[in-house]
Amino acid sequence: METLSKLSHDPLPKAITTTTTFHSGLFSKLLHSTLWELVRFSVLLLVTSIQVLSLLHGWNPIFHLLSLTCFFLVFILKPLLSKPHVYLVDFSCLKPPNFCRAPFSSFLEHTSMIGSFDRESLDFMAKILASSGLGEQTYLPPALHYIPPMTDLQESIKEVHMVLFPVMEDLLSKTKLSPRDIDILIINCSGFCPSPSLSSIIINKYSMRNDIKSFNLSGMGCSAGILGVHLAQNLLKVHKNTYAVVLSTEILSTGWYPGNERPKLLLNCLFRMGSAAILLTNKEEAKKTSKYRLLHTLRIQRAFDDKAYRSAIREEDSNGITGFTLSRDILQAAGETLRSNITILGSSMLPFLEKFRHGVSIFRKRFIHKSAEVYVPEFRTVIQHFVLPTSGRSVIKEIGKGLKLGEGEMEAALMTLQRFGNQSSSSLWYELAYMEAKERVKKGDKVWQLGMGSGPKCGTVVWECIRSMVGESTKGPWADCIDKYPILAVHQDN
């Protein structure tokens with residue numbers, strides 16, 4: 001007799017029931033948001049009508065009071081009762097040292113000298129590099145420059161020091177804070193989880209307070225940086241007058257795959273060295289010096305679906321060598337997760353007309369014409385800058401196409417991929433640094449950071465710029481090369 005756990009994980013019924021429930025939830029969220037917009041519009045119309053009629057007919061002043069009370073409750077009281085604002089004070093990105101550079105020729109020569117890859121695997125990695133969108137200036141940690149690569153614990157700890165200490169120190173220097181001013185510390189690193197933890201390494205290095213609230217996020221993939229911001233937001237809701245630091249990185253020495261299964265070789269070719277440190281706060285006095293105000297956070301995942309769950313997974317190959325597999329189902333799983341994310345985000349941000357068109361298309365597909373296309377809302381009506389996953393040139397272009405973006409909106413993602421490679425969760429901050437260095441982010445602009453990772457998961461953060469960005473071209477990871485970008489050649493598909 002099959003066990004209960006086996007029966008409860010039968011793929012077919014679970015896929016059917018959970019997917020149906022999932023899309024029903026999305027539809028109900030969109031319907032709720034649309035109805036609220038209708039209520040707001042109706043109240044505004046009612047208030048205006050009462051005011052006009054009362055003036056024309058000389059009605060009792062009680063009608064003025066009634067209409068103004070409705071207006072106050074719907075448009076003023078609700079925003080005032082919302083939680084305190086969360087501000088992004090500043091952030092820092094690692095500029096790795098030049099001795100870590102990994103041009104294609106050196107990478108391919110080293111992999112051929114290791115001796116663990118056959119000719120087919122070497123040719124496959126060369127092909128992936130050529131079509132990936134990466135440039136010749138990306139970086140790998142010192143441990144992966146050895147022949148063979150050094151992937152032991154001590155080398156991974158050295159890599160942690162190399163990627164986290166500089167960005168932490170740069171962030172503290174920028175914001176003029178002491179390590180003891182930090183109340184919350186969140187570190188995300190998907191593939192490396194030592195003991196003592198990464199947060200303990202940072203706390204020990206900088207002699208932080210004994211009551212600091214520290215958290216480690218592991219195994220969360222490329223979306224973990226967004227999840228870290230979401231976690232910080234939730235903590236800042238309950239801890240007043242608080243500073244929170246989020247550190248995002250990936251330790252590559254532990255993820256190196258020396259085998260010959262092609263789906264596991266992709267990470268060797270695409271992932272590169274990087275890290276970011278972000279300072280968040282709910283202190284109102286920080287508004288004057290902060291760069292952004294947090295508007296929206298959103299998390300969606302499809303781990304309930306077996307095919308999606310196994311589309312990106314760390315496992316052993318037939319020879320017992322551990323690697324990270326990216327299956328052919330990854331694009332479909334990512335697309336479904338992204339569509340769900342777009343639907344819920346749109347219900348919170350989009351103008352009424354865009355919501356209505358999207359809602360009608362969902363209703364039509366669900367109840368009338370199953371093969372009908374769902375209308376993709378025009379997010380550029382409310383968002384000026386798009387920070388996309390740097391999973392590869394073709395992925396960036398597909399996401400951009402799905403969101404109706406032009407080359408200009410995809411530029412930051414393509415240039416970050418070309419200059420620094422896929423840096424997992426920290427790539428999104430290199431993209432934002434690119435936009436700032438180009439002085440394209442203006443006061444009042446909204447920025448959408450979109451992170452996608454294994455699980456699969458899709459995370460969204462939307463920021464509003466609250467001060468002008470001046471002098472950023474001389475700071476950060478782009479300081480010595482921003483004038484060389486964009487490189488038009490990388491916009492073209494091979």
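Predicted model: local features only at pLDDT ≥ 70, side-chain atom pairs only at ≥ 80, totals over all residues.
**Overall make-up**

The secondary structure of the protein chain amounts to 15 helices and eleven strands. The chain has 494 residues, of which 51% count as buried. Among contacts with a separation of 6 or more, 78% join residues 24 or more positions apart.

**Two helix pairs**

Helix H6 (residues 153-175) and helix H7 (residues 198-206) have axes that come within 11 Å and cross at roughly 60°. The two helices are therefore oblique to each other, and their crossing is right-handed. On the H6 side the contact is made by Ile157, Val160, His161, Leu164, Phe165, Met168 and Glu169, and on the H7 side by Leu198, Ile201, Ile202, Lys205 and Tyr206. By class, the residues of this contact comprise nine nonpolar, one polar and two charged.

The axes of helix H13 (residues 393-402) and helix H14 (residues 407-420) come within 10 Å, with a crossing angle of roughly 160°. Because angles over 145 degrees count as roughly antiparallel, H13 is roughly antiparallel to H14. The crossing of H13 and H14 is right-handed. Arg393, Ile396, Lys397 and Gly400 of H13 meet Glu407, Met410, Ala413, Leu414 and Leu417 of H14. The contact of H13 with H14 divides into five nonpolar, one polar and three charged residues.

| Residue | Loop | Relative accessibility |
|---|---|---|
| Thr242 | between helix H8 (224-238) and strand E4 (243-249) | 5% |
| Asp317 | between strand E7 (312-316) and strand E8 (322-326) | 9% |
| Thr390 | between strand E9 (385-387) and H13 | 3% |

Since buried means under 20% relative accessible area, Thr390 counts as buried at 3%. Thr242 counts as buried at 5%, and Asp317 counts as buried at 9%.

The side chain of Thr390 forms a polar contact with the side chain of Ser427 at 3.0 Å.

The side chain of Thr242 reaches a backbone atom, the oxygen of His239, at 3.0 Å. Beyond its neighbours within four places in sequence, Thr242 is in contact with Asp183, Ile184, Leu236, Leu280, Thr281, Asn282 and Lys283.

Leaving aside neighbours within four places in sequence, Asp317 is in contact with Tyr257, Gly259, Glu261 and Lys264. Glu261 is 56 residues from Asp317 along the chain, and the C-alpha atoms of the two residues are separated by 7.1 Å.

Technical notes:
Residues numbered from 1 in each chain as written. Heavy atoms only, no water. Helix = DSSP H or I, 4+ residues; strand = E, 2+ residues; numbered from the N terminus. Buried < 20%, exposed > 50% of the residue type's maximum accessible area, 1.4 Å probe, protein only. Polar contact = N/O pair within 3.5 Å; in protein donor to acceptor, adjacent residues only side chain to side chain. Contact = heavy atoms within 4.5 Å. Axes fitted to C-alpha atoms, helices over the stretch in contact; angles between N-to-C directions. Parallel < 35°, antiparallel > 145°, perpendicular 65-115°, else oblique. Left-handed = near helix turned anticlockwise from the far one by under 90°. Nonpolar A, V, L, I, M, F, W, Y, C, P; charged D, E, K, R; others polar.
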